[in-house]
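Me: I am new to this structure. Please pick one part, look at it closely, and follow where it leads.

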Amino acid sequence: MFELRKVSVSYGSHRAVGDVSMDVFQRNITALIGPSGCGKSTLLRCLNRMNDLVPSARVDGEVIYHGENLYGPRVDPVQVRKVIGMVFQKPNPFPKSIYDNVAFGPRTMGIKQNMDDIVEEALRGAALWDEVKDKLTSNGLSLSGGQQQRLCIARAIAVKPEVVLMDEPCSALDPIATLKIEDLIRQLKDEYTIVIVTHNMQQAARVSDMTAFFSVRTSEGKRTGELVEYDDTEKIFSTPADRRTEDYISGRFG
C-alpha cells in the first residue's frame with residue numbers, strides 16, 4: 001500500500017526522524033513501536049500529509065501510494081486525507097450529536113443520499129451501533145471514553161477510506177475499553193489497511209501483522225529517530241535481528 005523511500009522529517013533545523021525505508025502492506029496491521037521521541041507519530045503523520053499543518057515541518061524522500069509520490073506537486077493533501085483517515089490518541093468527537101459526528105465527513109464530501117444507511121454502516125463497522133442506535137441525537141461527548149474512540153473510528157471510516165492511521169488509540173482508555181478497540185482493529189483489517197503507533201508491547205504483539213521498531217540516535221547533542229528493524233510481528237517479538245530491538249522488547253531500556 002505504501003513504499004517509503006529514505007523518508008526524513010525535520011522541524012526547522014532539527015531532524016526528528018531520518019532515512020526511513022519500508023513497505024506497508026495492504027489489509028495488514030502494521031505497528032510502529034519504540035521509546036518516546038523516536039519519531040513514530042511523526043512518521044505516521046507523513047502517510048496522510050498531516051505534517052503539512054505544522055509550519056516548520058519539512059518532509060524529504062518519497063512516500064509512494066498506489067505508485068504515486070504523495071508529496072508530488074500534483075497531489076492535493078485534502079484528497080489524500082479523504083482516502084487515508086486518522087484516529088488520534090485522545091478521543092476527539094465533535095460537540096455534535098452522535099449522528100452528526102459520523103455524517104460530518106460524507107456531508108463535507110457532498111454526499112446527501114442514504115445518510116441514515118451510511119451512519120448505521122459506519123457505526124456497525126466500529127462495533128458501536130447496538131450501544132447507540134436508540135440515542136443517535138445525543139451529544140457524542142456524552143459517551144464513555146471507549147465509546148468516544150469508537151465513534152471517532154466510525155467517523156473515520158464513514159467516508160470509505162482505504163487506510164486508517166491510529167496514533168496510540170488506546171492510551172487514554174481503561175483495559176476493558178482497550179480490549180474492545182483491539183478487537184475492533186482486528187475486524188477492520190478485513191476492509192482497511194491499518195497503521196498503528198503504540199507504546200504497549202503486548203498490544204503490538206496481539207493485533208499487528210508487521211512491526212517496525214524505532215530508536216533514537218544521538219549525535220552532537222541532537223536526537224534523531226531511526227528505523228532499527230522491520231519484520232513480521234512474530235519474528236520481531238521472538239527472534240529479533242538487532243540487539244536493540246531485543247533490549248527494548250524485554251524492558252532493558254525505553
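**Charged pairs and pockets**

Reply: Start with D209, which is partly exposed at a relative accessible area of 24%. The cut-offs matter here: under 20% would be buried, and over 50% would be exposed. This is a predicted model, so read each value as computed from it.

D209 has a partner. Its side chain forms a salt bridge with K189, and the closest N and O atoms are 3.2 Å apart. D209 sits in the loop between helix 8 (201-207) and strand 9 (210-219), while K189 sits in the loop between helix 7 (175-188) and strand 8 (193-197), so the pair ties together parts that are 20 residues apart in sequence. K189 is partly exposed too, with a relative accessible area of 25%.

How many salt bridges are there? The count comes to 18. One of them joins E121 to K160, with 2.6 Å between the closest N and O atoms. E121 belongs to helix 4 (residues 115-125), and K160 to the loop between helix 6 (145-157) and strand 7 (163-167), so this bridge links parts 39 residues apart in sequence. E121 is partly exposed at 44% relative accessibility. K160 is partly exposed at 47%.

Some bridges join up. D242 and R244 meet in a salt bridge at 3.1 Å, N to O. R244 is partly exposed, at 35%. Both residues belong to a network of salt bridges that also takes in R217 and E226.

Now go back to E121 and K160, and turn to the pockets. The second largest pocket holds about 260 Å³ of space. It is lined by 16 residues, and those closest to its centre are E121, G125, I157, K160 and Y192. The lining divides into nine nonpolar, two polar and five charged residues.

The largest pocket holds about 600 Å³. Of its 20 lining residues, R81, M86, F104, G105 and R155 are closest to the centre. Four lining residues come from strand 6, the largest share. Helix 2 (77-83), strand 6 (84-87), helix 3 (98-108) and helix 6 each supply at least two. Twelve residues of this lining are nonpolar, five are polar and three are charged.

Terms used:
Residues are numbered from 1 along each chain as its sequence is written. This is a predicted model: local features need pLDDT of at least 70, side-chain atom pairs count only at pLDDT 80 or more; totals for chains, interfaces and linings use all residues. Side-chain values use heavy atoms; hydrogens and water are left out. A salt bridge is a side-chain nitrogen of Lys or Arg within 4 Å of a carboxyl oxygen of Asp or Glu. Buried means under 20% relative accessible area, exposed over 50%, partly exposed in between (1.4 Å probe, protein chains only). On a 1 Å grid over the protein atoms alone, a cavity is a set of points where a 1.4 Å probe fits but cannot get out, and a pocket is an open set with protein on both sides within 12 Å along at least five of seven lines; lining residues have an atom within 4 Å of a point. Grid points are joined across faces, edges and corners, and a volume is the space filled by probe spheres set on the points. Ala, Val, Leu, Ile, Met, Phe, Trp, Tyr, Cys and Pro count as nonpolar, Asp, Glu, Lys and Arg as charged, and the others, Gly among them, as polar.
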